[in-house]
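Biologist: Could you walk me through this one? I would like to go slowly and ask things along the way.

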Amino acid sequence: MENPFDDTYFMKKALQEAEAAYKKGEIPVGAIIVVEDRIIARSHNLTETLNDVTAHAEMQAITSAANFLGGKYLINCTLYVTLEPCQMCAGALYWSQISKIVYGARDEKRGCIANKTKLHPKTKISGGILAEESSQLLKQFFIDKRNLN
């Protein structure tokens with residue numbers, strides 16, 4: 001029997017978080033962390049709400065997952081995030097020793113790939129899962145922002 005809990009399933013959950021951010025006026029990036037097909041952390045950007053440039057979806061998810069697990073390392077965990085992590089988030093993910101990162105849309109300017117940010121040697125990264133949906137939500141957010149100003 002096929003496992004219904006695949007990358008698309010979990011990226012849809014991350015997209016729900018991104019939509020929650022959008023509704024709050026936050027840049028719509030959502031993240032979840034999964035271990036053994038179980039979601040242990042859900043988050044979205046809170047930089048505006050918390051007035052904190054470090055309150056990215058990934059950072060919130062790392063903290064939540066570490067609290068859930070009772071330790072700072074996210075070994076055997078997978079992060080699903082709607083936008084490729086930035087350098088700051090990739091650095092935190094490096095130190096968390098997360099096993100896998102799956103992202104939706106690429107961030108050609110600020111993403112960890114474009115900036116050649118090192119990930120932990122044991123961390124696998126893949127992208128493009130629901131990239132169009134993730135990208136469209138971000139584009140719509142910035143169109144809406146421009147129209148309000």
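Biologist: Which residues of helix α4 are buried?

Modeller: The buried residues of helix α4, which covers residues 87-96, are Cys 89, Ala 90, Ala 92, Leu 93 and Ser 96. Buried means under 20% relative accessible area, exposed over 50%, and partly exposed in between, with a 1.4 Å probe and protein chains only. Helices (H or I, at least four residues) and strands (E, at least two) are DSSP runs, numbered from the N terminus. Please keep in mind that this is a predicted model, in which local features need pLDDT of at least 70 and side-chain atom pairs count only at pLDDT 80 or more, while totals for chains, interfaces and linings use all residues. Residues are numbered from 1 along each chain as its sequence is written, and side-chain values use heavy atoms, with hydrogens and water left out.

Biologist: What do the buried residues of α4 pack against?

Modeller: They pack against α3 (57-69), β3 (77-83) and β4 (100-105), where contact means heavy atoms within 4.5 Å.

Biologist: What follows α4?

Modeller: Gln 97 follows α4, and the phi of Gln 97 is positive, near 60 degrees. A positive phi is also found at Asn 76, about 70 degrees, although Asn 76 is not a glycine.

Biologist: Where is Asn 76, and is it buried or exposed?

Modeller: Asn 76 sits in the loop between α3 and β3, and Asn 76 is exposed, with a relative accessible area of 58%. Leu 130, again not a glycine, has a positive phi of about 55 degrees; Leu 130 lies in the loop between β5 (124-127) and α5, and at 16% relative accessibility Leu 130 counts as buried.

Biologist: Changing topic, how many disulfides are there?

Modeller: The count is 0 disulfides, a disulfide being a pair of cysteine sulfur atoms within 2.5 Å. Cys 86 is in no disulfide, and the nearest cysteine sulfur, that of Cys 89, is 3.7 Å away. Cys 112 is in no disulfide either, since the nearest cysteine sulfur, that of Cys 86, is 8.3 Å away.

Biologist: Is Cys 112 buried or exposed?

Modeller: Cys 112 is buried, with a relative accessible area of 2%, and Cys 86, at 16% relative accessibility, counts as buried too.
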